[in-house]
Amino acid sequence: MSEITPDLVRHLASLSRILVTDQEVEQLAGELGIIVDSVATVTKAVSGDVAATSHPIPMANVYREDVILPSLTQLQALSSAPDSADGRFKVNAILDED
Amino acid sequence: MTDITSSSAAILAGLISSKKASSVEITTAFLDRLEKLNPKTNSYLYFNRENSLAQAKRADQQLAEGKTVSPLHGVPIAVKDNLTTTDAPTTAGSKILEGWVPQYDATVVRKLREASMPILGKTNLDEFAMGSSTEFSAYGPSKNPWDLSRIPGGSGGGSSSAIAGHLAPLAIGSDTGGSIRFPAAMTGSVGAKPTYGAVSRYGLIALASSLDQIGPVTNNVMDAAMLQDVIGGHDPHDSTSLPNGLGSMVQSVKEADVKGLKVGVVKQLSSDGFQPGVKACFDDTIEKLAAAGAEIVEVDCPSFEYAVAAYYLILPAEASSNLAKFDSVRFGLRVTPDGNPTIENVMAATREQGFGPEVKRRIILGTYALSSGYYDAYYGSAQKVRTLIQQDLAKAFTQADVLLTPTAPTTAFKIGEKVNDPLAMYLNDIATIPANLAGIPGISVPNGLASEDGLPSGVQILAPAMQDGQMYRVASIVEKLYMDQWGASLIARVPDLEAL
C-alpha cells in the first residue's frame, strides 16, 4: 500500500493552492493511494540505462524571425481580469500583515 | 433535395460549390436541428444563431463574387470548448472559466474562419478535457445519441454526440490520451489524432502539452481527411508545430489500395480485457482485411503494459503545472474569503470552488509525482517508459505498415457507472494512450455493433509519426470494406433523436 496519508494530501493540496475539507482529504487519500499503487508499476518497467523522453517528436532550438508582431493592448489584456486598477491587475496582499 | 443534416461534409461542400444549396441554408438546417435537440444530448455548451448565420452569409457572398477559399467553403463546424474563440465564451467545461471570452482565436479557429467555415457553437467536454465520459463537465454530461442513458465518450463527448446526432457535419476535438478516438468509438463516428505537432496547439487550453493534439471528428474518413488538410500545417505561434506539412490527406484517401498492405495486430491489445462483442468486431475487421488481400502479422509491444501507468504520471505532472495559471488574477473566477485574506488564500478558495473533483485529483497527483524524493522514481520512470514504447513501436513498424487495435475496451457504458471509480475510468484509454506517448497518428473507424448490446465499436489504426496519410489510406480501406457490407455508414443507423 502506498504512503498517501491524510497529512500528505493536506500538504499537496496546499502546494497546489486548493482548499480541501477534512472529508475531501480522507476521500482523496484513499483514491490517490489506489492510483499511486497502480502507477508505481512504472518503476519496475525500466532500468537505469534507458533514456528519458520528455517530448515525442525531437526538436531543438525553435526560433522565429526577430520581428515585432501585433500583440494584445493593455486594455485587452486587462479586460478579463476579476479586478484591475491603474492599468494593472489588482490582487489581495501578497504577505500577511502580521 | 438531399437531407442536409444527414449528409457528409464532402457532399455539403459539393452542394455549396455547385450552388445547389447555400451556406446559409445548410447552416440554418443544422441550427434548427441543434436548437431542437441539444436539450436532449447536451452536445453544445454555447451556440448563437445570429453569429453563425452572419459567417454563413459571408461565405455565400464570397461564392457570389466567384471566390472559393477552401474545399470545405461554407460547411459549418462545431468546435470543442477548450479552443479559444473571440466571439464565444470558452469554458473548457469548467466553472473557473464560466463566461470568459478570450482575446484571441486559436490558430485552428482562425484557419476555420479563413476557410469560410461557419462555427455552429462550442461543444461540451470533461473539465479541462480530464475524463472519458463528459461526466466531469461542470455543465452536465453529454448523452450518446445511440442511447441517451449512456456516455458519448470523453473528453470530447460534445463533439462526438454532435456528429452522431447530426447536430453538426464536422467537429474539432483534442486528444491527450484518446479524447478524440474514444468518443468516436462510443458513437460510431470517425475521430483522428494527427501526429504530434501536425496541427497547431496555439489557443488550445493545455492539459498535458507533450501529449495534446487537435484533430477532426466526422462521420466518415474522407471528411476527416478534408478537415485535417484545412487545420494542419506549421504555425509560428506553436514552437512544437512541425516545420513541414505532411501532404494532402485527401490525396491519400483517394489512393487507398489494399494491395501489398501489411497490417500489424498488437499482441498486448488483441486478447484479454476487451468486451466479447468488441473483440468479435475487431476479429471481423482483421478477417475482412485478410480476405481483401492484406498481410496480417502479429507484433509484440511489451511496454504497452505500462502505458496507462506512465500516462497517469506524465499527464497529471504536466497538468498540475499548466493549470497553475488559473489563479484568479488575470481571468476567470475569483473567490475572496471573508476577513483579510492574502492572495494565496484567494487562490486556494477560488480553485476549491472553481475546479471539479477530477481536476483536483489530477493536480494533487501531479504535484505528488513532481515532488522531490518521488520525481525520479515516478515521473522519471514514466518518461523512460515513454522511450520503451517508442522503441516497441519503431520495431513493430518495421514488420507492418500500420497497427490495428480495438479503439476501446468496451462499448458506451451507462452514465454514472464509472464516475466514482477513477481507476476504472482511466482504463478506458488503454488502447489509445500509446499513440499520445509516442506522438504517432491514430484514427478510430466504426467497425460494427457489439452483439451483446447493439452499441457501436471502433477499430483504431496507428501509423508511424508523420505518416498521417498512411493512417487515412488504411482507414479508408477499412471503411470501404464495411460500406460494401452495410451499404451505408454505421451512423445512418443512429436512432431518430426526435422520437427519443
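Student: Where in chain B does B:Ser155 lie?
Tutor: This is a predicted model, in which local features need pLDDT of at least 70, side-chain atom pairs count only at pLDDT 80 or more, and totals for chains, interfaces and linings use all residues. Residues are numbered from 1 along each chain as its sequence is written, chains are lettered from A and ligands numbered from 1 in the order in which they are written, and side-chain values use heavy atoms, leaving out hydrogens and water. Helices (H or I, at least four residues) and strands (E, at least two) are DSSP runs, numbered from the N terminus. B:Ser155 lies in the loop between S3 and H5.

Student: What is the form of the peptide bond from B:Gly154 to B:Ser155?
Tutor: Look at omega for this bond. With omega near 5°, the bond is cis.

Student: Which aromatic residue of that loop pairs with B:Phe326?
Tutor: Rings of Phe, Tyr and Trp (its six-membered ring) pair if their centres lie within 6.5 Å; planes under 30 degrees apart count as stacked, over 60 as edge-to-face and the rest as tilted. Here the centres are 4.9 Å apart and the planes are at 45°, a tilted pair. One partner is in the loop between S3 and H5, and B:Phe326 is in the loop between H10 and H11, 198 residues apart. The partner is B:Phe128.

Student: Is B:Phe128 buried or exposed?
Tutor: Buried means under 20% relative accessible area, exposed over 50%, partly exposed in between (1.4 Å probe, protein chains only). B:Phe326 is buried, and B:Phe128 is also buried.

Student: Why does B:Ser328 count as buried?
Tutor: B:Ser328 is found in the loop between H10 and H11. Its phi is near 70°, a positive value in a residue other than glycine. B:Ser328 counts as buried because its relative accessibility is 2%.

Student: What is the relative accessible area of B:His166?
Tutor: B:His166 has a positive phi, near 55°. Its place is in the loop between H5 and strand S4. B:His166 is buried, with a relative accessible area of 12%.

Student: Which ring does the charged end of B:Lys418 sit over?
Tutor: A charge sits over a ring if NZ of Lys or CZ of Arg is within 6 Å of the ring centre and within 35 degrees of the ring normal. For B:Lys418, the charged end is 4.4 Å from the centre of the ring of B:Phe413.
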